[in-house]
Amino acid sequence: MNQTDPLSEALGNVRLSGAIFLDAELSAPWGFASPPSSAGAHLIAPSAEHMVLFHLLVEGRASVRLPGQPRLALEAGDIAILPLGDAHELWNGRGAELTDSSVLLPKILEGAVVSERGGGGGPVTKFICGYIGCDRQARRFFLAGLPPLFKVNIRRGSTGAWIESTIRHLASDREPAGAGRSALLAKLAEALFIETLRCYMSELPRQRTGWLAAARDSAVGRALGAIHREPARPWTVASLAEQAGMSRTVFAERFTRLLGEAPLGYVARCRMQLGARLLETTDDTVLEVALNAGYESEAAFNRAFKREFDVPPARYRMQRRRGDRTAANSDAQ
């Protein structure tokens, strides 16, 4: 792995789960009003703490907007991302009546890609919708600083175009689902999301702040990559500044300006994320987790963990595993 690639380092430490749930071909006028993702997230992705929504426009035109906000025009190849999963409207054509997209929920819960055809007989729009489920920490890492709605055209690069083509083929296949099709679509949804972040990051104006802007910064990005690669290392501002190739003062100022928090505060959050992941994925004792996450004592880890997650580590582990069992039972039904 490229040691100067903080996005890969951060994504490697976050649990993602993707899905494609709608393949639509509609003629204008048509429209959907979607509730916030939180309204159905506990049913669609029980193990996800946060849900990002996306709409990939395959053909034609459409508009998307948050309630009370200006519309964002979409054309073929555009993917609209809602990092916070906010309520929104998606439509094309004058006088379009907005259908509550919640009516699709029963079909989505069946696990298959829902196929929608119809409309008012005007120009045709084809689009694919999906979601990315992730840990709540994602909102404070690579989702931090993103606008609540933005778009990227993924056809500008060969990687995005290939991912789109493959998703289109699999999502629109009307034959009975073959073995592994759902799992493959899930992984492609994750790949599409990551490619979107990469494109958005490359197009950011220089004056922007936020996690992706910090990751793109050649100096701060090196420090971010090092933190996510070794969160338990006893980092100091001086050692992080050395990773960045800057003086401590200049590094601390640039890091804080881009990310909105001091370097060691960020390190502490990464350690909390590591501790949470170890609690979820290992049978290590809380003391072992604390030491592996960079804490000198179980008591210090317990205090910090409860401040971050509102529950002590042992209870967090019990709750997360109970939630994973519930999700697994739901998938098996």
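These legends describe close-up views of a predicted model.

**View 1. The open sheet of 6 strands.**
The strand order in this sheet is β9-β1-β10-β3-β6-β11, and the pairing is mixed. At its edges lie β9 (114–119) and β11 (150–153), each of which pairs on one side only. On average, neighbouring strands of the sheet are turned by 20 degrees against each other, direction ignored. Helix α5 (residues 181–203) packs on this sheet and touches β1 (16–27), β3 (50–59), β6, β10 (124–134) and β11. The direction of α5 makes about 90 degrees with that of β1.

**View 2. Strands β6 and β11.**
Strand β6 (residues 78–82) and β11 run antiparallel and are joined by 4 bridges. Which residue stands opposite Ile79 in β11? That residue is Val152. Strands of a sheet pair through backbone hydrogen bonds, in either a parallel or an antiparallel way.

**View 3. The open sheet of 5 strands.**
Here the order is β5-β4-β7-β2-β8, again with mixed pairing. The edges are taken by β5 (72–75) and β8 (99–100); each has a single partner strand, so one side of each is left without a neighbour in the sheet. Strand β2 (residues 30–34) pairs with strand β7 (residues 88–92) in the antiparallel sense, over 5 bridges. Within this pairing, Ala33 has Glu89 in β7 as its bridge partner. Strand β7 is also joined to β4 by 3 bridges, and these two strands run antiparallel. Val64 has Leu90 in β7 as its bridge partner.

**View 4. The hairpin of β4 and β5.**
Strand β4 (residues 61–65) is joined to β5 by 4 bridges, and the two run antiparallel. Ala62 has Leu74 in β5 as its bridge partner. The hairpin has 6 residues between its strands. In the turn, Gly68 has a positive phi of about 80 degrees.

Which residues of helix α8 (residues 237–244) are buried? They are Ser239, Leu240, Ala241 and Ala244. The cover over these buried residues includes α7 (218–229), α9 (248–259) and α10 (263–281). After α8 comes Gly245, with a positive phi near 70 degrees.

Helix α12 (residues 298–309) has 12 residues and reaches 16 Å from its first C-alpha to its last, close to the 16 Å expected at 1.5 Å a residue. Its buried residues are Phe301, Ala304, Phe305, Glu308 and Phe309. Seen down the axis of α12, these buried residues fall within an arc of 110 degrees, so they line one face of the helix. Arg303 and Arg307, on the other side of α12, are exposed. The helix is followed by Asp310, whose phi is positive, near 70 degrees.

**View 5. Aromatic pairs.**
The whole structure holds 13 aromatic pairs. In one of them, the ring centres of Phe255 and Tyr266 are 5.7 Å apart and the planes are at 75 degrees, so the pair is edge-to-face. Phe255 belongs to helix α9 and Tyr266 to helix α10, 11 residues apart. Both Phe255 and Tyr266 are buried. The rings of Phe309 and Tyr316 have centres 5.0 Å apart and planes at 55 degrees, so this pair is tilted. Phe309 counts as buried because its relative accessibility is 9%, and Tyr316 counts as buried because its value is 5%. Phe309 and Tyr316 form one aromatic cluster together with Tyr295, Phe301 and Phe305.

Conventions
Residues numbered from 1 in each chain as written. Predicted model: local features only at pLDDT ≥ 70, side-chain atom pairs only at ≥ 80, totals over all residues. Heavy atoms only, no water. Buried < 20%, exposed > 50% of the residue type's maximum accessible area, 1.4 Å probe, protein only. Contact = heavy atoms within 4.5 Å. Pairing = 2+ DSSP bridges. Axes fitted to C-alpha atoms, helices over the stretch in contact; angles between N-to-C directions. Expected span 1.5 Å × (residues − 1). Arc of directions from axis to C-beta. Phe/Tyr/Trp six-rings, centres within 6.5 Å; stacked < 30°, edge-to-face > 60°.
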